[in-house]
Amino acid sequence: MMKDRLSGQIDLAGLFGTGAAPLSIRTLALQGDDVARDAEAICAVIGSPSFRDGGAAGISRPGGLAAEVLKAWHRSGVDVASQLHGSYALAIVDTARQCAFLATDRFAIETLCYRADGQMLAFADRADRVPGHGGELDPQAIFDYLYFHMIPAPRTIFRQVRRLPAAHSLLVDRNGAHVQRHWPLQFDEQHRQSFAPARDGFRDLIRESVAEQITGHQRVGAFLSGGTDSSTVAGMLCQITGKPAPVYSIGFDAEGYDEMAYARLAATHFGCEHHEYYVTPTDLLDSIPAVAQHHDQPFGNSSALPAYYCARIAQADGCTKMLAGDGGDELFGGNSRYAMQRLFEFYHHLPPGLRRAIEPLCEDGSPLRRIPGIKQATGYVRHARVPMPDRLQSFNLIMQLDPASVLNPDFLAQIDLNEPSRHMQSTWDECQAPSLVNRMLAYDWRYTLADSDLPKVRGATQMAGIEVAYPLLSDRLTDFSMALPPDWKLRRFKLRWFFKEALRGFLPDAILTKKKKGFGLPFGVWATRTPALRELAEDSLRTLAGRGIVRADFTSRLMAEYLPGHPGYYGEMVWILTMLEQWLRRHDTQAAQTRAER
C-alpha cells in the first residue's frame, strides 16, 4: 500500500475552543516532507515551493521549508498560497486564528485530499489515505470516471473525500469550510511584443527551468516520445549538462502506434544517450493490476502503463529523477482540438436568423441528410451549434454508446448524467479570457493536466521509485505563455505557432512538422490478438457486471462484436472498464482487511 506523504487529523472542537480540551500545537502531529511549528501554529509541506522574491524555500533560507512558509502565513494569512511558486501541497493549523488551511499548486503537481464534517478535518495527499474516510464509494464518481476516464476534482471515488482542485485552497474556521482559487486565470491579450526578444526570452526560460530541476542530482533522465515538448526538454538537458543526457523512449510493435523513429531522430540530433524499450502484450498482462491498483482511485489514462516502463528503466539505469515534457501543448496551443473548435466557431458568426433557417434542414429527418457531400455539411452544423464546452465532449464514448445501454438500471438510477456537463461549464466559466484559444487552454489545465496527464506521470514515477519534474510547467513559463498574443498560440489553424518558430533551428524540422501522438497504447488491437490479454479483460468485465455497475449484455456485446470490429475505438472502453475493475479488487481487499482489524 502506498504511504501518505502529507497527512493529518484535526479535532475541530478543540481547535475552535468549543471542546473540553483545547487543541495544543505541541501535541498535534502532521506528516510532511518538512514540518515546522511555533507557539501558535504548525505547518507541513511537500514538494519544492519557492517564494516570489526568488528565494528557494528550504534551500537558501535557514530554518527549512515549512518554517519559511509558516513565517509567511503569520504575515499574510491565506494569501501565503499566492506568494508561492513551484510544486507544493501544504497544511497549516493555527490555534491563535482558530483555523486550518490547505493549499495546492497551480497545476496540482502535488495533490491534497480532505474530509471535513464539522467535527473533524482529516487530509492526505492520497484519497485512499485520508483518515476515517470510511471507504464508501460514490456512484457519481464512478460515472464521472466512465465519462472522463478519470475523476476530476473536487470529487473522489470516496463519498466522504474531496480533492483540492489545482490552484485552490481550503480554509476551515468557525464559519465552515471555504474553497477558493488562489491563482487567478488572467490572460493578458493586449500585450504586444516583438518576436525576436520573445523567442530569446522563451529559450532562456526553458533553459533556466531545466537547470533548476537538475540541481542536486547526479544523473537526471528525460522521457522522450519524439514530440516537440519531450525533445525540447531532452535537448536542453544535453546543453546544460554538456554531455549526452540519458533519455528513455517507449515503442509498440503495432502499426500506427509506434513513434520510435522520431525519438531516435531527436536523440541523434542532440547527441543523447538513448534507451529504448518496446512494450509487449505480456508486459500488459504483468502490469495492468499493479498500475490500476497503485492509484488512489480509478484512473483510465492508458499511457500510464508505458510511462511506468519508461520510468522503471530509467530508475534501474541509475537515474534519480526524470524530466517530463508535459505542459507545452496546454500552455502554447498544441492540441488539434484547438484548431478544430476554431473551425466550428465560424458558424456562430453567421446571423442568428440564417442559423435558425439552416438548423431544421440538418435534423435527422431532413432529406439533406441522405445526400452524399451535403450530409457532411449538415454534420458540421449539427456539431457546431452545440455550445462550448459541451462541444468538446460531443463524441464522448459512453454518451455515444448510450448510458442506458451500458449501465445497470439500478446503478443508473443513482447518478446524474448531467453532472459532467455542469462540471465542465463551471470550469469553463472560471476563465473569462476574450479568445477561444485561451479559454480552451485554461480548461485543459484542469482536465488534461491536473486531473489526467500529471497523475499519469506522477503515478508511473512513484511506482518506479524515481522523482519527476515538469520544466515546461514552471510558473515563469506559465506567466510568459499567458502574456503571449492569442494568435501566437493558434495562428489561423496552425497550432503552437510561437513555440515552434521560437525553437526553429534548435529542434529538427521533422519534429516541428510531425503530428502529435504521444505514448498511445494499442490495447484494443492487442486484446483481439492475444488470448491471455483478452481473457484478462473478459474476466474483469464479467466481475464488473456482477457488481451491478455495467450491464452484462453490454460487456458481452462489447467483447464479441464491438471490439473485434473497431479495436482502436472500442479498446478504450474495454481498457477503462478493466482498469476500474482492477482498482475495485484492491479496494475489496483493503475493505476486508479493515473489517478483520475491527
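The largest cavity holds about 330 Å³ of space; a cavity here is a set of points on a 1 Å grid over the protein atoms alone where a 1.4 Å probe fits but cannot get out, and its volume is the space filled by probe spheres set on the points, which are joined across faces, edges and corners. The model is predicted, so local features need pLDDT of at least 70 and side-chain atom pairs pLDDT 80 or more, while totals for chains, interfaces and linings use all residues. Residues are numbered from 1 along each chain as its sequence is written, and side-chain values use heavy atoms, without hydrogens and water.

By this rule there are 3 cavities of 30 Å³ or more. The lining of the largest cavity (residues with an atom within 4 Å of a point) comprises 25 residues, and Thr111, Arg163, Asp296, Pro455 and Arg458 lie nearest its centre. Helix H17 (residues 436–464) contributes the most to this lining, with 6 residues; helices are DSSP runs of H or I with at least four residues, strands runs of E with at least two, numbered from the N terminus.

The term requires a side-chain nitrogen of Lys or Arg within 4 Å of a carboxyl oxygen of Asp or Glu. Arg163 belongs to strand S10 and Asp296 to the loop between helix H7 (281–294) and helix H8 (304–316), so the pair ties together parts 133 residues apart in sequence. Both residues are buried, meaning under 20% relative accessible area, with exposed over 50% and partly exposed in between (1.4 Å probe, protein chains only).

Strand S10 is also part of an open sheet of 4 strands, in the order S1-S9-S8-S10 with antiparallel pairing. Strands S1 (7–11) and S10 (162–163) are the edges, each pairing on one side only. Pairing requires at least two DSSP bridges between two strands; S8 (residues 113–116) and S9 (residues 120–124) have 4.

Elsewhere, strand S14 (residues 246–252) has 7 of its 7 residues buried, so it is largely enclosed by the rest of the structure. Pro246, Tyr248, Ile250 and Phe252 point one way, and Val247, Ser249 and Gly251 the other. Strand S13 (residues 220–223) runs parallel to S14, joined by 2 bridges.

The whole structure has 42 salt bridges. In one of them, Arg496 meets Asp229 at 2.4 Å, N to O. Arg496 is buried at 3% relative accessible area, as is Asp229 at 9%.

Conventions. On a 1 Å grid over the protein atoms alone, a cavity is a set of points where a 1.4 Å probe fits but cannot get out, and a pocket is an open set with protein on both sides within 12 Å along at least five of seven lines; lining residues have an atom within 4 Å of a point.
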